[in-house]
Amino acid sequence: MIGGRVSMRIALARNGQQLAEHFGRCEGYEIVDIADSEVMERQFVPNPGHEPGRLPRMLAELQAGCVIAGGMGPRAQELFTEAGIETITGVSGSLNEIIEAFVWGKLTTDGGNPCHHIES
């Protein structure tokens, strides 16, 4: 947390400056601290590798309150729910546009989830 002002920390699965279609197979995660409807800090955390359960634990340890990705497997969604972390899927576009939409409560999804594999 930054000076106690952070009201939300979100993690976005990213490839370049775009939201990744697949949560577990992205290059890494853009961690964004938001307070008072303002982005306070952004940092990139590389993906340490896709392994069931590993990434939800990592993002929980980083204190993410919400994870945004194009798609996410059902097991990862379940692990985030158990940790009290919101997941948002069915989103696409540039990181900057998605972050701005999230901050202002205008983030929309297509309701889809292109990730259909089964995680064990």
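**Aromatic and charged pairs in a predicted model**

Visitor: Which does Phe23 count as, buried or exposed?
Guide: Phe23 has a relative accessibility of 3%. Buried means under 20% relative accessible area, exposed over 50% and partly exposed in between (1.4 Å probe, protein chains only). At 3%, Phe23 therefore counts as buried.

Visitor: What is left out of the side-chain values?
Guide: This is a predicted model, where local features need pLDDT of at least 70, side-chain atom pairs count only at pLDDT 80 or more, and totals for chains, interfaces and linings use all residues. Residues are numbered from 1 along each chain as its sequence is written, and side-chain values use heavy atoms, leaving out hydrogens and water.

Visitor: What share of the 120 residues in the protein chain is buried?
Guide: Contact means heavy atoms within 4.5 Å, and among contacts between residues at least 6 apart in sequence, 52% join residues at least 24 apart. Of the 120 residues, the buried ones make up 46%.

Visitor: How many aromatic pairs are there?
Guide: Rings of Phe, Tyr and Trp (its six-membered ring) pair if their centres lie within 6.5 Å; planes under 30 degrees apart count as stacked, over 60 as edge-to-face and the rest as tilted. By this rule the aromatic pairs number two.

Visitor: Which of these classes describes Phe23 and Tyr29, and which describes Phe23 and Phe80?
Guide: Phe23 and Tyr29 have centres 5.5 Å apart and planes at 50°, and the pair is tilted. For Phe23 and Phe80 the centres are also 5.5 Å apart but the planes stand at 80°, so that pair is edge-to-face.

Visitor: How many residues separate Phe23 and Phe80?
Guide: Phe23 sits in the loop between β2 (18–19) and β3, while Phe80 belongs to helix α2 (residues 74–82). Phe80 is buried, with a relative accessible area of 0%. This pair links distant parts of the chain, and the separation is 57 residues.

Visitor: How far apart in sequence are the parts that Glu27 and Arg14 tie together?
Guide: A salt bridge is a side-chain nitrogen of Lys or Arg within 4 Å of a carboxyl oxygen of Asp or Glu. The side chains of Glu27 and Arg14 form one at 3.2 Å, N to O. Glu27 is in the loop between β2 and β3 and Arg14 in strand β1 (residues 8–15), so the parts tied together are apart by 13 residues.

Visitor: Which residues are joined with Glu27 into one network?
Guide: Arg14 also meets Glu30 in a salt bridge of 2.5 Å, N to O. Glu30 in turn bridges to Arg42, with the closest N and O atoms 3.0 Å apart. Through shared partners, Glu27 is joined into one network with Arg14, Glu30 and Arg42.

Visitor: Which side chain is joined to that of Asp33 by a polar contact?
Guide: Asp33 is in strand β3 (residues 28–35) and, at 2% relative accessibility, counts as buried. A polar contact is a pair of N or O atoms within 3.5 Å; within protein, one must be able to donate a hydrogen and the other to accept it, and residues adjacent in sequence count only if both atoms are side-chain atoms. At 2.5 Å, the side chain joined to Asp33 is that of Arg9.

Definitions and conventions: Helices (H or I, at least four residues) and strands (E, at least two) are DSSP runs, numbered from the N terminus.
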